[in-house]
Amino acid sequence: VLSVAALCLALSLPALAQTTGRIRGNVTDPDGVPIPGVTITVSGENLPGGARTAISGENGGFRITALPPGDYNLVAVLEGFQTEALENIRVGINATATANFYLYAELLETVTVTSEAPLVDMTASASGNSFTAEFIKDLPTNRNFYDMIDVSPGVSTSSEGSDRSIAFGSNM
């Protein structure tokens, strides 16, 4: 009885292989670099026992075998990449369907840079001063043009008692 059961089992394996199909494919990034470790889940109405999974290998390839003929949906998932789905992949009897995935890296961080406007105008090299009438009236000088220049920011006399002025380190 045991030998008859083993013979029946051995004869039924080739029949099983002839009534199923396969899905194979590759998982790469947009530049064609293989992505290993991607979980591919296949689901469909004809799949007994529910969804099945496969993991892509070092070269990004995967293979799912012993699928009854029908239409299947595939989903590729890997942390750090956007999930991609392929729908209605048709598998025939003793046929191999191809399903290739192209996964895009997912942005995990957002950098927001904020700042205040600088105190210095970066678009102009000129500096200007304006003096109110009250400031000029209270100025402890002879109130001539050169005295007003000497009290401007960045301007100083070259030495005490000198009539030469230096503006931002340059002689005037």
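Predicted model: local features only at pLDDT ≥ 70, side-chain atom pairs only at ≥ 80, totals over all residues.

User: Which residue is the bridge partner of I23 in strand 7?
Analyst: Residues are numbered from 1 along each chain as its sequence is written, and side-chain values use heavy atoms, with hydrogens and water left out. Strands here are DSSP runs of E with at least two residues, numbered from the N terminus, and two strands pair if DSSP finds at least two bridges between them. Strand 1 and strand 7 (residues 96-98) pair in the parallel sense over three bridges, and the strand 7 partner of I23 is A97.

User: What does F62 touch away from its own stretch of sequence?
Analyst: Contact means heavy atoms within 4.5 Å. Leaving aside neighbours within four places in sequence, the contacts of F62 include R24, N26, I55, S56 and A99. Also among them are I23, V27, I40, L74 and F101.

User: Which residues touch the most other members of the largest nonpolar core?
Analyst: A nonpolar core is a set of buried Ala, Val, Leu, Ile, Met, Phe, Trp, Tyr and Cys residues joined through side-chain atoms within 4.5 Å. Strand 1, strand 2 (39-43), strand 4 (61-67), strand 5 and strand 6 each give two or more residues to this core. Of its 21 residues, those that touch the most other members are I23, V27, I40, F62, Y72, L74 and F101.

User: Is T28 buried or exposed?
Analyst: T28 is found in strand 1 (residues 21-28), and its bridge partner in strand 8 is Y102. Leaving aside neighbours within four places in sequence, T28 is in contact with V33, P34, I35, F101, Y102 and L103. Buried means under 20% relative accessible area, exposed over 50%, and partly exposed in between (1.4 Å probe, protein chains only). With a relative accessible area of 13%, T28 is buried.

User: Which strands are at the edges of the open sheet of four strands?
Analyst: This sheet has the order 3-2-5-6, with antiparallel pairing. Four bridges join strand 2 to strand 3, and I40 has A54 as its bridge partner in strand 3. The edge strands, each pairing on one side only, are strand 3 (52-55) and strand 6.

User: Which residues form the salt bridge, and which parts does the pair tie together?
Analyst: A salt bridge is a side-chain nitrogen of Lys or Arg within 4 Å of a carboxyl oxygen of Asp or Glu, and the count comes to one. The side chains of R90 and D71 meet in it, at 3.3 Å from N to O. R90 counts as exposed at 63% relative accessibility, whereas D71 counts as partly exposed at 31%. R90 lies in strand 6 (residues 84-91) and D71 in strand 5 (residues 70-77), so the pair ties together parts that are 19 residues apart in sequence.
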